[in-house]
Amino acid sequence: MSDIVDEELIEIFLEEATDYLELWESACLDLIKTEDKTYLDNLFRVAHNLKGSSRTLGMTSFGDLVHKIEDLITDAKDDVVELDSNVAEFFLFCNHVLNDWMNKIKSDPSYSGDITEVESRIKELSSKKPNEKKVEDKKEEIVEESIIEEEKVEENNPIKEEDKVEEVVKVAVPQPQEKKTEAVNEQKKNRTSSASVRVPSERLDKLIQLIGELSISQSMANESCQRRIFDENFFKNLRFAWKVSKEIQETALSLRMNSLKSLFQRLERTAYEISRLQDKDITIEVEGSECELDKQAIEAITDPLIHIIRNAVDHGIENRKERELSGKKEKSKVIISAISSADGVAIFVKDNGKGLSIDKIRQKAIEKGIIDTNTKISDLELQQLIFNPGFSTAEKVTDISGRGVGLDVVRQKINEVGGEINIKSIFGQGTTFNIFVPLNINILDGIIVRVGREKFIVSLSEIHEIVSISENEVDKTENGNVFCRRGITLPIFELKDILNITTDEATTSAIVIKSGSQFIAFSINAVIGQHSIMVRPIMGKEKYSSFISGSTVLGDGRPGLILSVKKMARTILQRLK
Amino acid sequence: MNTQFGETKYLIYRIGNDHFGTPLDQITEVIEPNNFSCLPDATRICLGIMNLRGEVISVYDLRMAFGKKVEDDIDNFLILINDYDNKFSFYVDQMIEVRGISDKHIEKDVKLDLKVPRDCLQGITKKDKRIIYLLDLIKYTNYI
């Protein structure tokens, strides 16, 4: 780097470059999958842009590196260098190097990386000679192509290219794999969440338009106020203003929404890299990456999802030999998909590997004391136990997974954004992870309930149903209280006991929660109503009941606590066992 | 500016029979207590949570924390402090005044029989034969 450049410009460049590198990555992945030359054009465009903007900022060495890669892309495009998986992988490797470089620039704008390794690899690759026969074929092709190109009046010089083909002599040396994983790890460490958000301009336009509408309807209402005429018109304006402000709220929240595209791309790359490392021939399919989620939620689920992908490729998919032995004909596959619904996004990670062994889980669960030898538990419920802390059925710990964060951390992280995770596996046929992330983690539809003098909010999505109940319907047994709902007996607990609230008021209703396949009810004093509420954190020290997931300010100006009844149900049911 | 002419401004308040002072620049506002809601399973000194213009803030009772008798006085106040992104509010008995205290009037090496963690206490000063304990509330938040 030669000059000291404006910090702001560097920031803009870094943001741009992050986007470019993402495009680069996706082009590489497509290239590896299909070896289709059209993706080289994409790659070339990206490299060209990167080179241009970095040189404008005086990052000459960065620009030079990209320039050299660009040369190789051109060679591959023009068939001077044979486009095989080695070359495609090298481009992916360059992506790591550039990403790394950029992360270093973030903290130190004058950073200048070492480009000798990339340079030497470019030399190796561009000196690689395609097979003799191929060369001849290629030569013809090149001549043909160059004729066409000449007609198009392109810059390329056909004579020069032919010279190059004749120059090609040496043989390529296999890639050092370790170096690559190092780069991956390094990159993971440096990846930080950026403070800025990219917003499609039409959303901003809509927001501005809505704010205009709001101010019009407000000034109309204001005029009525000044003239003290509260007629039908005034109330109409007020209602309109309310409607517009609701719409503004929705649009404002959508500003934080991002598509899952870059997350899925990252997952795809992770899966690909591990499959290369372990020499597993896996097709990776991605569907539904256009689904949108809150940026915060995406950031929160990124690490858990990477962990799940690693698990799927490392433990889920058998290696070639095992697969042959088990007589599976179909190709190994990992499918990452997302489906959007009204209240959230469901993400599936599906593999057609060996699946979970129910017997092994049962044995392990008994070993850990989670269940008894004679506990009646369905296979599906048994499978969910792998989310318990310290539960790993993998026999050996590999580099890829099996240590570090476990699935319990995965579940915890997903629960933190209000999401849920479960697993469904068929032994010998594969495993599916199902992750549900609610669309909006800041606003939730809740039922306000009253316990004694205190009001609590329960998320509508966590409630199975609300039943009215009187105290004489509750039967007291030696194992606790139960009541009968449409012929099914379920345990009932008083919310006031769980939350340590003293009140003599009679129970009028109960909320029924479904946890797994079990039901549990919590009795309350009254149901106040349904509201859409804004979730706020509780300021101060985090020392209070773990069943409280947040707070809000209610219509009467008093704070209300949000209860995580699902967690409450899970904890109590576990205690009952 | 909190420091002027070599003096630092302190908010002086009463908890039980003792007077305390906290540097004014730690305090964001002083308000009258409004309705609290309960916070299940919170620490003993947490009175609950309150609504401050749409934000939900935990309220801690300094009288209970310092082992003073809790009596329902009408002059009660809440002191709000800001520790980066976090907010705390403390329940005290009475506001006294804001006064500048010069550094040379603060005794730092004192041994006290007080239920206050030692490193939260900046020192003591005297006014009209009354002792004022100078309390660092931001440091105190570590002990909640």
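**Figure 1. Strands β8 and β16 of chain A lie side by side in antiparallel fashion.** In this predicted model, strand β8 (residues 443-451) of chain A is joined to β16(A) by eight bridges, and the two run antiparallel. To find your way along the pair, pick out A:Gly446, whose bridge partner in β16(A) is A:His531. As you follow the strands, keep in mind that side chains in a regular strand alternate between the two faces of the sheet.

**Figure 2. Five strands of chain A make up an open sheet.** Which strands stand at the edges? They are β16 (526-534) and β18 (548-553) of chain A, and each has a single partner strand, so one side of each is left without a neighbour in the sheet. From one strand to the next, the twist averages 35 degrees.

**Figure 3. Helix α3 of chain A spans residues 60-77.** Its 18 residues reach 25 Å from the first C-alpha to the last, close to the 26 Å expected at 1.5 Å a residue. Among the buried residues of α3(A) are A:Phe62, A:Leu65, A:Val66, A:Ile69, A:Leu72 and A:Ile73. The buried set also includes the acidic residues A:Glu70 and A:Asp75, as well as A:Ser61, A:Gly63 and A:Ala76. Just after the helix, look for A:Asp79, which takes a positive phi of about 65 degrees.

**Figure 4. Chain A as a whole holds 18 helices and 19 strands.** This wider view sets the close-ups in context. Chain A has 577 residues, and 45% of them count as buried. How much of its accessible surface belongs to carbon and sulfur atoms? The share is 50% of about 31000 Å². Among contacts between residues at least 6 apart in sequence, 70% join residues at least 24 apart.

Figure 5. The contact takes 22 residues from chain A and 25 residues from chain B. Which residues of chain A lose the most area to chain B? They are A:Met539, A:Lys541 and A:Pro559, which together account for 35% of what that side buries.

**Figure 6. Strand β11 of chain B pairs with both β10 and β3.** With β10 (residues 121-127) of chain B, the pairing is antiparallel and runs over six bridges; here B:Leu121 has B:Leu135 of β11(B) as its bridge partner. The two strands form a hairpin with two residues between them, and B:Asp128 in the turn has a positive phi of about 50 degrees. With β3 (residues 18-23) of chain B, β11 (residues 130-135) pairs in the parallel sense over three bridges. On that side, B:His19 stands opposite B:Ile132 in β11(B).

**Figure 7. Chain B contains two helices and eleven strands.** Starting at the N terminus, its elements run β-β-β-β-β-β-α-β-β-β-β-β-α. Of its 144 residues, 50% count as buried. The accessible surface of chain B comes to about 7500 Å², and carbon and sulfur atoms hold 45% of it. Of the contacts in chain B with a separation of 6 or more, 54% are between residues 24 or more positions apart.

Definitions and conventions: Residues are numbered from 1 along each chain as its sequence is written. Chains are lettered from A and ligands numbered from 1 in the order in which they are written. This is a predicted model: local features need pLDDT of at least 70, side-chain atom pairs count only at pLDDT 80 or more; totals for chains, interfaces and linings use all residues. Side-chain values use heavy atoms; hydrogens and water are left out. Helices (H or I, at least four residues) and strands (E, at least two) are DSSP runs, numbered from the N terminus. The expected span of a helix is 1.5 Å times one less than its number of residues. Buried means under 20% relative accessible area, exposed over 50%, partly exposed in between (1.4 Å probe, protein chains only). Two strands pair if DSSP finds at least two bridges between them. Axes are lines fitted to C-alpha atoms, for helices over the stretch in contact, and angles run from 0 to 180 degrees between N-to-C directions. Contact means heavy atoms within 4.5 Å. Accessible areas come from the Shrake-Rupley method with a 1.4 Å probe; for residues, only the protein chains shown count as cover. Buried area is the accessible area (1.4 Å probe) that two parts lose on being put together, summed over both.
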